[in-house]
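Biologist: Could you take a close look at one part of this model for me? I'd like to hear about a single side chain and what surrounds it.

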Amino acid sequence: MLGGGQLGRMFALAAARLGVEVLVLDPTPVAPAAVAAKQVPGSFRDADAILEFAKQVDVLTVEIEHINTDALQLA
């Protein structure tokens, strides 16, 4: 998931109850979603970080509207 804020925290907690592992890309040192997800430090506006992150996941979703949408088209 791109972004690990409060919505990401709720998403990750619900996913954990279902046995789904969540990985979040977020620049905050300890993002709220990190309580139930593995956090990869990086900016969701950095195209290179997004492309590298996308290689690590089966499904990519967004939690925040301030992302690099050009990079999403390449991922």
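Modeller: Let's start with the side chain of Glu63: one of its polar atoms sits 3.4 Å from the backbone nitrogen of Leu7. The backbone nitrogen of Gly5 is also in reach, at 3.2 Å from a polar atom of that Glu63 side chain. Bear in mind that this is a predicted model.

Where does Glu63 sit along the chain? You'll find Glu63 in the loop that runs between helix H2 (47–54) and helix H3 (69–74). Leaving aside residues up to four places away in sequence, Glu63 touches Met1, Leu2, Gly3, Gly4, Gly5, Gln6, Leu7 and Gly8.

Now for the charge. Glu63 is buried, yet it has no salt bridge. The nearest side chain of opposite charge belongs to Arg9, and that one is 10 Å away.

Pro32 is partly exposed, with a relative accessible area of 27%.

As for confidence, the chain has a mean pLDDT of 92, and 99% of its residues reach 70 or more. Among the elements, helix H1 (residues 6–17) has the highest mean, 97, while H3 has the lowest, 77.

Notes: Residues are numbered from 1 along each chain as its sequence is written. This is a predicted model: local features need pLDDT of at least 70, side-chain atom pairs count only at pLDDT 80 or more; totals for chains, interfaces and linings use all residues. Side-chain values use heavy atoms; hydrogens and water are left out. Helices (H or I, at least four residues) and strands (E, at least two) are DSSP runs, numbered from the N terminus. Buried means under 20% relative accessible area, exposed over 50%, partly exposed in between (1.4 Å probe, protein chains only). Lys and Arg count as positive and Asp and Glu as negative; His and the chain ends are not counted. A salt bridge is a side-chain nitrogen of Lys or Arg within 4 Å of a carboxyl oxygen of Asp or Glu. A polar contact is a pair of N or O atoms within 3.5 Å; within protein, one must be able to donate a hydrogen and the other to accept it, and residues adjacent in sequence count only if both atoms are side-chain atoms. Contact means heavy atoms within 4.5 Å. pLDDT is the predictor's confidence in each residue, from 0 to 100.
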